[in-house]
Amino acid sequence: HKLITTTLQTTFLLSLVAVATISGADAWGECPTSDTGNYSEACYKATEPPYFVCINMTPDEWVEKALETYPRCCGEDLSECTCPVKDYWFFKNKIADYCAKVDVCRTPDAAEDGDARFLRGQAEDANE
């Protein structure tokens with residue numbers, strides 16, 4: 001009986017993941033947009049967290065959080081980075097793209113020229 005229950009739960013979860021993947025982010029909803037305009041639209045888009053995070057924060061809060069973590073977690077010295085998985089390969093593989101996206105907010109001229117280079121995905125593929 002326990003094996004059947006576990007199998008059904010696993011199948012259900014895999015089905016949810018498949019539906020979410022096929023239908024894209026809209027299956028989960030959309031993050032709120034800023035009404036303050038404190039940052040450029042490119043900055044908001046570049047730092048937008050996953051839906052389950054952004055529904056609990058304002059757009060300004062997620063940009064500020066990204067800018068706050070940038071000095072500690074971007075660069076060679078991660079000694080001040082408080083991320084619990086900072087020493088693992090998967091963190092190191094993703095952090096460069098994250099830092100490139102946050103850099104859009106740190107350099108206002110780059111964000112204002114309309115070329116939001118690092119919106120989701122790999123930074124090197126953003127303009128292709």
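Start by selecting Glu68 and Lys65: both sit in helix H4 (residues 59–73), 3 residues apart, or about one turn of the helix. Helices here are DSSP runs of H or I with at least four residues, strands are runs of E with at least two, and both are numbered from the N terminus. Before going on, note that this is a predicted model, where local features need pLDDT of at least 70 and side-chain atom pairs count only at pLDDT 80 or more, while totals for chains, interfaces and linings use all residues. Residues are numbered from 1 along each chain as its sequence is written, and side-chain values use heavy atoms, with hydrogens and water left out.

Show the side chains. Glu68 makes a salt bridge with Lys65, and their closest N and O atoms are 3.8 Å apart. The term means a side-chain nitrogen of Lys or Arg within 4 Å of a carboxyl oxygen of Asp or Glu.

What does Glu68 form with Arg72? That's a salt bridge too, with the closest N and O atoms 3.9 Å apart. Glu68 and Arg72 both lie in H4, 4 residues apart, again about one turn of the helix. The spacing makes sense: an α-helix has 3.6 residues a turn, so residues three or four places apart point the same way.

Glu68 is partly exposed because its relative accessibility is 41%; the class runs between buried (under 20% relative accessible area) and exposed (over 50%), using a 1.4 Å probe and protein chains only. Lys65, at 42%, is partly exposed, and so is Arg72, at 22%.

Jump to Asp103 and Arg106, whose side chains meet in a salt bridge at 3.4 Å, N to O. Both belong to helix H5 (residues 89–106) and are 3 residues apart, about one turn of the helix. Asp103 is partly exposed at 24% relative accessible area, and Arg106 is partly exposed at 44%. A search of the whole structure turns up 3 salt bridges.

**Stop three: H5 end to end**

Where does H5 bend? Zoom in on Ile95, where the bend is about 30 degrees, taken as the angle between axes fitted to the seven residues ending there and the seven starting there. Ile95 is also one of the buried residues of H5, which include Phe91, Asp97 and Lys101.

**Stop four: the rings**

Finish with the aromatics. Rings of Phe, Tyr and Trp (its six-membered ring) pair if their centres lie within 6.5 Å; planes under 30 degrees apart are stacked, over 60 edge-to-face, and the rest tilted. The count comes to 3 aromatic pairs. Pick Tyr39 and Tyr44: the ring centres are 5.9 Å apart and the planes are at 90 degrees, so the pair is edge-to-face. Is Tyr44 buried or exposed? Tyr44 is buried, at 5% relative accessible area, whereas Tyr39 is partly exposed at 24%.

Then select Tyr88 and Phe90, a stacked pair with 5.7 Å centre to centre and 15 degrees between the planes. Tyr88 is partly exposed at 47%, and Phe90 is partly exposed at 38%.
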